[in-house]
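Colleague: I am new to this structure. Could you take me through how to read it?

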Amino acid sequence: MKAFDLLEATLGHEMTPGESWQDDMNLWQWLDDGILRVEPLKPADSRNCDRAIVLSCGIHGNETAPIELLVAMAKQLSETPRRLQARVLFILGNPKAVVNGSRFVDENLNRLFSPQYKQAKPQNPEQRRASDLMRAIDEFFSLAAPHQRRVHYDLHTAIRDSKHPFFAVYPHSPEGFSRNAVARLQAADVDTVLLSHAPASTFSHYSHCYHQAEAFTVELGKVKPFGGNDMSKLEPLKRLLEAMLYGLWPTPQLDEQRIKLFRVTRAIHRQHQEFSLSFADDLANFSRFKKGQQLAQDGNEEIVAEHDGEAIVFPNRKVAVGQRALLTVIQSAPSILTD
Ligand SMILES: [Zn+2]
């Protein structure tokens, strides 16, 4: 089979939705623009494989490293067919924004993964795409047998510098945060994990909340144009994903000395028109403050750090009144994890 290029196939509209083909071992199906399912060819193998894995990239169109990674993985599988241990869904999230080289066209796609957007009439390209992607996820996981593991890694790169360039966001998880799942991230050199305190409308939260998937938003360094990424840094992640696709299920031990877990202490919402953050616009995520140090000025209210070591993530002073301007987090001991 000729090498399959996920990016070219998506942007060039080379394929027809529903088109399928096969190699010696696997069945490939192009479900829609940028949505590719690959599964073992024999129905018996497909039922017996114990994993259903979603790998997504390009939810933000200018975040190229994850796109290059998944394009390479799909290409390798097409050139050298291997027996999959998983049903796999490859997703290139926002093709229109990829063409533009922009984060999004009209609206941040990663705030739209909420069931309401499956029903409502879409107002822009991102709302339409969110609806299509949620339906693709619903169908993919609904075809999974009850015993199949469900996994979704939504891969990104960050706009802002970070004290910890590789980090993951663990979606809100009332049933607890899994030690084994965090150990797998650590095997991919993602050794900082932000434990979410509340539901969100992100892609990974959707898979975690509605399909009980082991799901993460994974941030892989800083945003760069195509060709500008140091892909060698993504090798550990690639090895982990290949083990999930082709090998024994990875069950690494958690290195408690090295893992950095942060739990959210406060979500600070802008309350007034007069609002400013008390630190530089380019301050890195996970920068720490001392107790009493000012974080923001909101009208007459001075917002200060409440603990030594309280750190900031995802600050944005330009949000509308009522919206979240930053999160504060504090490091947690590994004993916060369950399993
Ligand atoms: Zn992103």
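Colleague: Which residues does UniProt give for the feature "domain: Succinylglutamate desuccinylase/Aspartoacylase catalytic"?

Modeller: First, a caution: this is a predicted model. The UniProt record, an unreviewed entry, places that feature at residues 51-238. The end C-alpha atoms of this span lie 17 Å apart.

Colleague: Where does UniProt place the feature "active site"?

Modeller: The unreviewed entry puts that feature at Glu-219. Glu-219 lies in strand E9, residues 214-222.

Colleague: Is Glu-219 buried or exposed?

Modeller: Count the C-beta atoms around a residue. With 20 or more others within 10 Å, the residue is buried. Glu-219 has 26, so it is buried.

Colleague: Which residues does Glu-219 touch?

Modeller: Set aside residues up to four places away in sequence. Glu-219 then touches His-156, Thr-157, Ala-158, Phe-166 and Phe-167.

Colleague: Now a helix. What should the 18 residues of helix H6 span?

Modeller: Helix H6 covers residues 125-142. The expected span is 1.5 Å times one less than the number of residues. For helix H6 that gives 26 Å, and the end C-alpha atoms are 26 Å apart, so the two agree.

Colleague: Which residues of H6 are buried?

Modeller: Start with the general idea. An α-helix has 3.6 residues a turn, so residues three or four places apart point the same way. In H6, the buried residues are Glu-126, Arg-129, Ala-130, Ser-131, Leu-133, Met-134, Ile-137, Phe-140 and Phe-141.

Colleague: What do the buried residues of H6 pack against?

Modeller: They pack against several elements, among them strands E3 (35-40), E4 (51-57), E5 (86-92) and E6 (149-158). Helices H5 (116-119) and H8 (203-211) are also partners.

Colleague: Which residues does Tyr-117 contact?

Modeller: Tyr-117 lies in helix H5. Leaving aside neighbours within four places in sequence, Tyr-117 contacts Leu-112, Gln-127, Ala-130 and Ser-131. Tyr-117 and Ser-131 are 14 residues apart along the chain, yet their C-alpha atoms are separated by 5.8 Å. Tyr-117 counts as buried because it has 21 C-beta neighbours inside 10 Å.

Colleague: Last, the whole chain. Which domains does the domain assignment give?

Modeller: The assignment gives domain 1 (6-246) and domain 2 (265-336). Their C-alpha centres lie 30 Å apart. Eight residues from domain 1 and eight residues from domain 2 form the contact. On the domain 1 side, three are nonpolar, two polar and three charged.

Definitions and conventions. Residues are numbered from 1 along each chain as its sequence is written. This is a predicted model: local features need pLDDT of at least 70, side-chain atom pairs count only at pLDDT 80 or more; totals for chains, interfaces and linings use all residues. Domain bounds come from an automatic or database domain assignment. Two residues are in contact if their C-beta atoms, placed from the backbone, lie within 7 Å. Ala, Val, Leu, Ile, Met, Phe, Trp, Tyr, Cys and Pro count as nonpolar, Asp, Glu, Lys and Arg as charged, and the others, Gly among them, as polar. UniProt positions are given in the numbering used here, feature names are shortened, and annotations may be inferred rather than shown by experiment. Helices (H or I, at least four residues) and strands (E, at least two) are DSSP runs, numbered from the N terminus. A residue is buried if 20 or more other C-beta atoms lie within 10 Å of its own, exposed if 12 or fewer, and partly exposed in between; C-beta atoms are placed from the backbone.
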